[in-house]
Amino acid sequence: MPSDGEKPKMIYCAGPSAFPEDRWQLLCLADRLEGDGYRAYIPFRDGLDALYPDPLADDPTRRQKLARAVFAFNVGRLVRECDAVLFSLNGRVPDEGGLIVTAIAAMTGIPVVLFKQDHRSAFHGFDNAMIIGLSRTFSAVTRPGQIIRAIAREIEQGSWNKNAAKLPPAVAAAVDLGLKLTEVLDGQLPLTDGGQAVIIRTILSVYDGSEWADIQSPAEQPENQQAPGKGDRGRDLVYCSGPLFCPGEVRAMTAIARALEDSGRDAYLPHRDGVEAFVMKNTDNYLANLVRPLVRFFHRLTFAVDVYFILKCQALVFNANGRVPDEGGVVEIGLAFAAGKPVLLYREGLQTTGPDMDPMIIGAMALATPAATVDRIPEQAGQINRHLYWPMDLTGETGRRSTHMQSIVRLGHGAWRIMRRIPFLKPETIF
C-alpha cells in the first residue's frame, strides 16, 4: 500500500473487455486496487478503447489510424505513468491486447503480476511458457486476496529498473503521441456516450500530425534482395512467430521460414531451432504430469531461448492466420516491439485492419499492409524503415533491459550454447 504523502501508484489493469462479464472482472480488480490506495488504469474506462472500431467509419484507412491511436494512447500511459501491470488471464483464451501490453511492460522494466482464477490451462496444467514467463516469479496469482501483496512486492523489488533505458524510436514515437493525446483530451476522459464523433475527429487530427503516423510507411528504397553468400555475417535473422498446435500450422510456419531463407536471410523457427524442438513431442505424453518440476523447468528454458532470439533478430514475422491469434506469438509481438524490432504480419483472408483484429496488434505492425501470401513476406522485410528501429543484436546490451530480462537472456544464451551441441537429441518430428 502506498505510504502517506506519496502519490498513489498507477496500476495498468489488462485483460479481456469485449463483453459485460469481462468488463465486470476488470472493474472488480480496479475496485480492489483503489480500495487499497492505488490508482487503476483500465483501457475501456480510462482510455480510448471504447472508440474502436469506429461505428461510423467504413474507410479502412481511418479505422487503422484510430486503432493505432488507441495503441499509442495505451502505450503512452503504460510507459510513462504506470508502476505495474496486473494482467487477468481469465477467459477461454488470454486477451491479445492485454498480452501485448504486458509483454511491452516486461521488456521495458515495468513490474508484471499475472492473475488467473480460471480452471482452464493448456500444456498439462501449465499456461503457455511465453505468457507465464512475463512474470518475474514465473507464476500467476490465483486468489484475489493475494493481488495487493504481489503488486507491492514487485514494485518494491529493485530489479525492474523502470524506464532506465532509452526507448527505441518507434516506441518513443508511440509514447509521444499517447502523451499528446492525453493532454489534448484532458477533461474529456473517461468517455461518455455523447460527443464521440467530435473526440474521434480530434484524435485523428492529432494522429495525422505526429511522427507515429509515418512509422508504418515503407522505405522509399527497399533493400537489395540479392541473397548474401553462405556465412555472410550481414545476413538478417528473422524470428518466425505463430501457432504450432497441429500439423497444418507447423507446415505453414516451416514454409514462412523457407521463404525467408530462400531470399538470403536466416530464420529462427521455434519448433525447429528452439527448446520446442526437443520437448514438444514429449509434452503430449500423459507421463509429463508426473514430472511437473521438470516440465516447469523446460517452460522456463523455452521462454528464455525465445526471448534471447527476439533480441538477436533483425525483425519478427507473425503468422496471424487462425480463428484467434496465437497467444504465445502475440506475446512475442509485444516483446519485439518494445525491444525496437520491426514486426511484420502475415495473414490471408479477412482484412487485417478489420474489427476482428485487436488494435494493439495493428499498432505494433511495422507496415500498414500485411503480407497476404507467404512469398510476399521477404519482399515486405525489405520495405522496413530501418532507421525507425534497433535491428542490431541486443542480447549484450544490458543497460536497455531490466535485471529480470537480463537474467532471462543469460539463461537463454546458456541454453542455446548447450542445444547447439546436442542436435541429435531432437525428435524427428513433433507429431
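Is strand E3 (residues 84-88) largely enclosed by the rest of the structure or left exposed, and why?

1. Start with what you're looking at. This is a predicted model. The protein has 17 helices and eight strands. Of its 431 residues, 55% count as buried.

2. Back to that opening question. Five of the five residues of E3 are buried, so the strand is largely enclosed by the rest of the structure. You can check this from both sides: Ala 84, Leu 86 and Ser 88 point one way, Val 85 and Phe 87 point the other way, and all are buried.

3. Now look at who sits beside E3. Strand E1 (residues 10-14) runs parallel to E3 and is joined to it by four bridges, with Ile 11 standing opposite Ala 84. Strand E4 (residues 112-115) also pairs with E3 in the parallel sense, again over four bridges. There, Leu 86 faces Val 113. To get from E3 to E4 the chain passes through helix H4 (residues 96-108), and this β-α-β crossover is right-handed.

4. Zoom out and you have an open sheet of four strands, in the order E2-E1-E3-E4, with parallel pairing. Strand E2 (39-41) and E4 stand at the edges with a single partner strand each, so one side of each has no neighbour in the sheet. On average, neighbouring strands here are turned by 25° against each other, direction ignored. E2 is held to E1 by three bridges, and the two run parallel; Tyr 12 has Tyr 41 in E2 as its bridge partner.

5. Which helices go with this sheet? Helix H1 (residues 20-35) packs on it, touching E1, E2, E3 and E4, and its direction makes about 165° with that of E1. Helix H7 (residues 147-156) lies across E1, E3 and E4, running at about 160° to E4.

6. Another strand worth a look is E5 (residues 237-241). Five of its five residues are buried, so E5 is largely enclosed by the rest of the structure. On one side you'll find Leu 237, Tyr 239 and Ser 241, on the other Val 238 and Cys 240, and both faces are covered.

7. E5 has parallel partners too. Three bridges join E5 to strand E6 (residues 266-268), where Ala 267 is the bridge partner of Val 238. Together with helix H10 (residues 247-262), E5 and E6 make a right-handed β-α-β unit. Strand E7 (residues 315-319) pairs with E5 in the parallel sense over four bridges, and Val 238 stands opposite Ala 315 there.

8. Next, the interior. Nonpolar side chains tend to be buried together in soluble globular proteins. In this model the largest nonpolar core has 122 residues, and Phe 71, Leu 78, Trp 212 and Leu 335 are those with the most contacts inside it. Helix H3 (residues 60-81) supplies the largest share of this core, 10 residues. Apart from it lies another core of 20 residues, including Ala 30, Tyr 38, Ala 40 and Ala 150.

9. Leaving aside neighbours within four places in sequence, its contacts include Arg 68, Phe 71, Ala 72, Leu 177, Tyr 207, Phe 337 and Gly 363.

10. Two overall figures to finish. Among contacts with a separation of 6 or more, 79% are between residues 24 or more positions apart. The protein exposes about 18700 Å², and carbon and sulfur atoms supply 51% of that.

How values were computed: Residues are numbered from 1 along each chain as its sequence is written. This is a predicted model: local features need pLDDT of at least 70, side-chain atom pairs count only at pLDDT 80 or more; totals for chains, interfaces and linings use all residues. Side-chain values use heavy atoms; hydrogens and water are left out. Buried means under 20% relative accessible area, exposed over 50%, partly exposed in between (1.4 Å probe, protein chains only). Two strands pair if DSSP finds at least two bridges between them. A crossover is right-handed if, with the strands pointing away from the viewer, the path from the first strand over the helix to the second runs clockwise. A nonpolar core is a set of buried Ala, Val, Leu, Ile, Met, Phe, Trp, Tyr and Cys residues joined through side-chain atoms within 4.5 Å. Contact means heavy atoms within 4.5 Å. Accessible areas come from the Shrake-Rupley method with a 1.4 Å probe; for residues, only the protein chains shown count as cover. Axes are lines fitted to C-alpha atoms, for helices over the stretch in contact, and angles run from 0 to 180 degrees between N-to-C directions.
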